[in-house]
Amino acid sequence: MDRREFLTLWARWLLAAGTAALASSLAGCARLLRWSESQTRTGSFGGAETTTTLVVTGPENTSPSQTTPPPSGPASSEPVPTTTSTMDTVHPTYPDLAVIRGEAPDRNVRAALAALGGMERFVEPGANVVVKPNVLTGRLPEYAVTTNPLVVATIVTMCLEAGADRVTVLDYPTSSPRAAFKESGIAQAVAQAGGTVKYLTNRNFERVEIPGGVAIDSWPLVTDVLEADTFINVPIGKTHGLAGLTLAMKNLMGIMGDPRGRIHTDYPVKITDVNTRVVQHLVVLDAYRVLVRNGPTGGNLRDVAMPKTVVAGTSPVAVDAYGCTIMGWQPDQLPSLVEAERRGLGTLDLAKYTIFEGTA
Amino acid sequence: MPDDRQMEERQRASGHGGMEEQTTSARRSPRRPTRRRGLHRYRRVFQTFFLLAFFTLLTLTFWPLGSVFLGGFLLADPLLALTSLANGVLKWELLLAIPVLLSPLFLGRAFCGYVCPTGFLIELFGPRKERQAGPRVRTILRKIPLFGLVVVLFLLVFGSAVYLVFDPLSLLTRSATTLLYPAVDRALRLVGDIAYLAPPLRGTVDTVTETLTGRLLFPNGLAYRLQLVIFAMFVAILAISWIERRLWCRHLCPLGALLGLVGRKAIYGRVVDQSLCRSCEACTDVCPMDAIRDAGAATDCSRCQIGLECADTCPHGAIRWGRRPRKQHVHDPSRRALLKAGGVAFVGSLFLFTGLGRIQRDVFLIRPPGSRNELDFMATCARCAQCMKVCPTNVIQPAVLDAGWEGFFTPQMDYRRGYCDWTCNECGKVCPTQAIRSLSLAEKRRKVIGRAYIDHNTCIPWSEGRDCLVCQELCPVPEKAIILVSAGQGEGQGQGRGSGRAGLRLPRVVAERCIGCGVCQFSCPVPNEAAIRVRALEQTGFLSK
């Protein structure tokens with residue numbers, strides 16, 4: 001062949017080789033990134049090393065039962081179930097639960113957080129916070145189907161006041177997400193408070209192992225929640241055909257990927273499984289309005305009651321155990337709570353909890 | 001009056017007699033065009049503007065912006081307006097079509113040449129130079145417009161709007177909705193997924209996702225049936241331009257035929273100054289619509305779109321837009337041909353209306369809320385896919401054969417794909433012919449479009465004895481249309497408390513409360529075919545209302 005053919009041949013081979021090299025290096029980079037993401041973040045969360053002690057007032061103030069410090073870190077592969085412990089004398093005493101009644105939801109939330117040690121206890125400066133309200137579907141706030149937007153907004157504001165770097169509010173509604181967030185008022189409330197609403201797509205879910213799982217051993221969960229420095233669960237109290245009531249434990253269904261309808265079979269066991277996997281640093285139950293009939297999608301103002309209460313705590317089991325009493329239930333009537341207790345996630349005996357009750 | 005001196009000069013120059021200078025149109029290239037003043041020079045600008053306007057409006061057709069004016073082009077479409085009118089749909093928006101319908105009296109088919117976005121795409125993707133099919137094909141093709149109009153008339157009278165499948169604006173809306181926007185959504189999601197691999201970019205990706213969700217980006221993606229058919233049809237319409245330039249516009253387009261019919265009585269149009277015309281036929285080559293007859297002197301006003309490329313090309317400046325003389329040089333089909341066309345159309349229509357598809361209804365054919373009864377629906381639906389575009393859950397899909405051949409491309413609900421969102425009433429708002437009537441949100445929430453039925457053989461509680469109740473959980477009507485029955489016990493609302501493990505609860509549909517929105521069917525965890533499915537209630541028959 002002549003010089004030209006020779007050069008053309010070389011050029012073609014080089015082009016092919018170069019393309020292959022480029023493609024494989026891109027694939028390599030992608031893999032590298034994936035690998036780096038899968039590494040859990042180290043670094044302690046802390047937040048319990050303060051010297052002030054909180055004076056606990058209220059009818060439940062009896063023996064100095066103390067709580068363990070909040071679960072450490074976003075390294076959520078090792079969740080620490082919250083149990084009561086009398087051994088801990090180093091850390092200050094925070095109540096397990098703060099229950100505040102009042103006319104203004106935002107003041108209720110502030111008072112509840114203050115009783116728990118302030119948002120600073122849960123949010124470090126520069127933290128990445130994820131807030132998970134209940135945005136099941138598009139309903140106006142008066143229908144008590146979605147978390148009160150004022151409650152969500154107050155939490156967002158308080159996180160930013162505590163120095164959070166960013167506050168992301170997310171949920172996985174069962175109807176058109178934009179409509180659901182808009183109708184519930186949460187989109188606007190979050191925007192005004194300075195947070196960001198995140199609409200979830202497939203890329204936000206990743207299948208994670210659930211080591212403590214009895215009925216499920218893995219499930220796709222929202223990665224933002226697992227990677228957040230602080231995860232705040234903000235449910236609303238509603239009745240539920242299958243579960244009896246939907247409170248904090250059930251609210252985690254909003255961070256579960258499809259096919260989440262399958263959770264309904266063996267529901268109490270499966271929901272407990274998920275609750276063992278996901279660390280909830282703070283749980284704020286919105287019981288300002290609750291849905292007492294035709295839940296969880298409601299749609300009738302007659303089905304709404306107004307206890308005007310907020311229940312805050314660090315354990316979803318504790319919050320649910322107390323929260324169901326607001327709606328007239330006993331904790332042992334909820335199969336999911338019974339299962340949670342059986343698995344050691346918390347006790348259903350309200351007498352064992354330090355409960356701060358107040359008004360705002 | 002011929003200019004003798006010019007003739008003499010030419011004869012002297014060429015050395016031939018004047019007659020031999022006449023050349024055939026096909027080979028000769030036009031002389032350097034003399035640019036003239038006039039709006040026609042901006043024809044491409046107009047076309048670009050209207051194409052962009054069309055796509056802007058279509059892109060903005062999403063919840064909650066739904067408005068009939070987002071289908072502005074469809075509203076101004078006289079073919080759609082006539083369909084609406086013929087079916088008793090009277091709304092003042094129909095008036096928008098009047099200027100378009102009457103414009104050919106003054107502007108010929110300027111709509112086709114300056115406004116129609118489909119026409120623009122056909123020109124863009126078509127040949128630059130004139131192409132002609134063989135003479136026999138041309139003769140046949142030339143007969144089609146009038147024939148087609150007769151068919152349209154019969155269909156209109158007998159109550160079928162199936163010809164609107166071929167309306168150019170409906171066609172473009174449908175093609176873009178089912179092909180372009182799903183591709184855009186997929187591309188955006190792909191870019192987002194790739195960008196997401198780099199943690200520093202995630203904030204930006206999230207912000208962009210937040211802005212575009214529900215508008216250009218859909219968490220569940222966008223998917224439609226019949227994409228291949230719609231694509232093939234669209235491509236075919238563009239491709240036939242390579243047989244004859246703008247073949248679709250010249251011969252096949254029903255809207256073009258309608259406008260052409262009006263254009264035959266044009267008051268203003270292409271005017272040739274006979275004293276200047278040398279019959280050189282330079283103009284005939286450049287006409288995109290092949291509207292020039294008689295060696296340049298006459299115009300087929302049912303085709304002329306006042307593009308005036310001919311005027312720009314004419315070396316003698318003989319052509320302009322002006323008041324046409326009384327005597328029209330127009331190609332008139334013979335009365336006999338018209339009668340023949342009418343006969344064929346009539347017989348053809350009869351076949352259409354005796355098909356079984358018209359009276360038998362598929363049990364799972366659910367129309368969007370606000371839809372008219374099936375017969376009226378067939379007569380008014382423009383098959384334009386505006387409803388599919390605006391629907392936030394992608395539940396509205398083109399029917400394949402569920403509504404018979406006639407129902408091809410008409411909208412139906414596919415509850416495997418989506419569900420009818422409680423907060424939305426957009427489809428009726430954007431339907432240009434009101435085949436789907438615009439309902440207020442309160443009305444739409446009461447509108448029964450179907451009823452859910454539970455298959456006890458596949459429903460998990462009924463067949464496996466295990467809990468489920470996803471359907472009951474998500475039913476949006478305030479008085480729940482799905483209640484819980486305790487196994488082995490009496491009925492109740494099912495909100496009762498057991499202690500510890502409650503007994504098995506079974507779902508049951510309360511028929512009177514169900515509106516057929518399909519959330520239950522969509523969410524049912526039974527794979528592939530839900531255990532609870534919405535069935536249609538209406539029965540059709542020739543005389544049913």
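## Domains of chain B

Ten residues of domain 1 of chain B are in contact with nine residues of domain 2 of chain B, where contact means that the C-beta atoms of two residues, placed from the backbone, lie within 7 Å. On the domain 1 side, this set is made up of seven nonpolar, two polar and one charged residues. In this classification Ala, Val, Leu, Ile, Met, Phe, Trp, Tyr, Cys and Pro are nonpolar, Asp, Glu, Lys and Arg are charged, and the others, Gly among them, are polar. Domain 1 of chain B covers 32-350 + 368-445 and domain 2 covers 448-494 + 502-538; such bounds come from an automatic or database domain assignment. The centres of the two domains, taken over C-alpha atoms, are 44 Å apart.

## Model and numbering

This is a predicted model, in which local features need pLDDT of at least 70 and side-chain atom pairs count only at pLDDT 80 or more, while totals for chains, interfaces and linings use all residues. Residues are numbered from 1 along each chain as its sequence is written, and chains are lettered from A and ligands numbered from 1 in the order in which they are written.

## Chain composition

Chain A contains ten helices and 15 strands, and chain B contains 24 helices and ten strands. Helices (H or I, at least four residues) and strands (E, at least two) are DSSP runs, numbered from the N terminus.

Chain A has 360 residues, of which 53% count as buried; for the 545 residues of chain B the figure is 45%. A residue is buried if 20 or more other C-beta atoms lie within 10 Å of its own, exposed if 12 or fewer, and partly exposed in between, with C-beta atoms placed from the backbone. Of the contacts in chain A with a separation of 6 or more, 75% are between residues 24 or more positions apart. In chain B, 76% of the contacts between residues at least 6 apart in sequence join residues at least 24 apart.

## Interface between the chains

Across the interface, 39 residues of chain A are in contact with 45 residues of chain B. Elements of chain A that each supply at least two residues to its side are α1 (3-38), α4 (177-183), β6 (196-199), β10 (236-240) and α10 (335-342). The largest share, four residues, comes from α4(A). By class, the chain A side has 14 nonpolar, 18 polar and seven charged residues.

## Helix packing in chain B

Helix α9 (residues 135-158) and helix α17 (residues 335-353) of chain B pack at an angle of about 40 degrees, with their axes 9 Å apart. Axes are lines fitted to C-alpha atoms, for helices over the stretch in contact, and angles run from 0 to 180 degrees between N-to-C directions. The pair α9(B) and α17(B) is therefore oblique: angles under 35 degrees count as roughly parallel, over 145 as roughly antiparallel, 65 to 115 as roughly perpendicular and the rest as oblique. The contact has 13 nonpolar, three polar and one charged residues.

The axes of helix α8 (residues 117-124) and helix α10 (residues 168-195) of chain B come within 8 Å and cross at roughly 75 degrees, which makes α8(B) roughly perpendicular to α10(B). P117(B), T118(B) and G119(B) of α8(B) meet P168(B), L169(B), L171(B) and L172(B) of α10(B). Five of these residues are nonpolar, two are polar and none is charged.

## Helix packing in chain A

Helix α9 (residues 316-326) of chain A packs against α10(A) at an angle of about 140 degrees, with the axes 11 Å apart, so the two are oblique. Their crossing is left-handed. V317(A), D320(A) and A321(A) in α9(A) meet L337(A), A340(A) and E341(A) in α10(A).

## Backbone exceptions

Most residues other than glycine have a negative phi, and most peptide bonds are trans. A cis peptide bond joins G295(A) and P296(A), with omega about 0 degrees; another joins W63(B) and P64(B), with omega about -5 degrees.

E281(B), not a glycine, has a positive phi of about 60 degrees and is buried, with 20 other C-beta atoms within 10 Å. Q434(B) has a positive phi near 55 degrees and also counts as buried, with 20 C-beta neighbours inside 10 Å.

Technical notes:
Left-handed = near helix turned anticlockwise from the far one by under 90°.
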